Amino acid sequence: MGKRKRYINRPLGDKLLDIFLYAVAVAAIVLCVYPVYFVLVASVSSSTAVNSGQFLLWPKGFHLTGYQFVLENKKILTGYYNTILYTVVGTALGLSFCIPAGYALSRKDLPGRKLIMKLMIFTMYFSGGLIPTYFVVKDLNLINSRWSVILMGCVSVYNIILIRSFCESSLSEELLNATKIDGCGNGRFFFQFVIPLSKAIIAVIALYVAVGYWNSYYHAMIYINDDTKHPLQLLLRQLLMTANNATDIQDGELAGEYLKQVQVVKYAVIVVATAPIMCIYPFLQKYFVQGVMIGAIKG
């Protein structure tokens with residue numbers, strides 16, 4: 001006779017708790033996913049359906065007018081190019097600065113390690129403010145330069161702390177001592193051992209920095225006056241402001257027609273702007289979870 005499966009008779013309270021937790025989880029998923037789905041559906045619906053709110057789950061009057069406008073508009077394509085440029089160059093520089101800094105601060109033989117760490121943490125809470133920072137950027141001749149956007153966002157103390165914690169918990173002193181016996185110097189140890197063993201945290205920091213650059217518009221708005229150097233997010237902000245101010249047009253019929261077109265284009269630009277990051281994230285998700293957990297827990 002086959003073995004009978006034994007079922008544990010759980011109390012009614014535990015079952016009700018499970019039902020409640022599942023309901024909360026489903027509600028949280030809906031609240032997170034539906035706004036993204038709404039934007040996607042609105043971007044392919046007719047302008048009349050979007051402005052009147054006629055659709056809820058399915059697109060009405062399937063149109064690709066917004067995407068056609070995006071692909072034909074040179075401003076949007078230029079903004080897309082600038083965003084990709086800022087993200088790629090800024091992420092590369094951010095990793096080049098943060099990874100060596102985080103590893104160096106994890107070394108106990110670094111002179112003045114605690115003082116350097118305290119000074120860096122101080123900058124997380126206190127800064128010079130917008131006006132002094134603007135004058136510094138101006139004195140460096142970076143106004144209206146792409147480097148002002150790239151350099152202002154490439155280094156983060158928070159990212160350096162994450163890397164330092166990861167190196168302290170994952171790279172043992174025994175490994176360093178063993179390589180020193182074989183004649184390995186600090187530079188060789190960093191490139192041949194630290195970098196290959198830190199793929200998880202490198203993926204996490206790369207994702208943090210890339211998303212920061214991809215979503216950034218503030219630095220470009222402050223330091224860049226040339227429209228040909230504006231990122232896509234700044235252009236999207238201008239579209240949103242244009243849609244909100246469309247009612248200021250005196251001719252009511254003209255304002256309504258203008259608002260219809262702007263709304264559809266707005267949703268199409270949002271989809272185009274977020275699609276690359278959403279496509280990249282699934283490939284980095286396992287490194288993301290692993291890197292954050294390893295860097296946060298000491299065994």
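## Helix 4 against helix 8

In this predicted model, helix 4 (residues 74-106) packs on helix 8 (residues 157-170) at an angle of about 50°, and their axes lie 7 Å apart. Axes are lines fitted to C-alpha atoms, for helices over the stretch in contact, and angles run from 0 to 180 degrees between N-to-C directions. Helix 4 is therefore oblique to helix 8 (under 35 degrees counts as roughly parallel, over 145 as roughly antiparallel, 65 to 115 as roughly perpendicular, the rest as oblique). The crossing of helix 4 over helix 8 is right-handed, that is, the near helix is turned clockwise from the far one by less than a right angle.

| Helix | Residues in the contact |
|---|---|
| Helix 4 | C98, I99, A101, G102, Y103, L105, S106 |
| Helix 8 | N159, I160, I163, R164, C167, E168 |

By class, this contact has 8 nonpolar, 3 polar and 2 charged residues; Gly is counted as polar.

## The whole protein

The protein has 14 helices and 0 strands, taken from DSSP runs (H or I of at least four residues for helices, E of at least two for strands). Of its 299 residues, 34% are buried, meaning under 20% relative accessible area with a 1.4 Å probe. Among contacts between residues at least 6 apart in sequence, 72% join residues at least 24 apart.

Residues are numbered from 1 along each chain as its sequence is written. Local features need pLDDT of at least 70, side-chain atom pairs count only at pLDDT 80 or more, and totals for chains, interfaces and linings use all residues, while side-chain values use heavy atoms, without hydrogens and water.

Definitions and conventions:
Contact = heavy atoms within 4.5 Å. Buried < 20%, exposed > 50% of the residue type's maximum accessible area, 1.4 Å probe, protein only.
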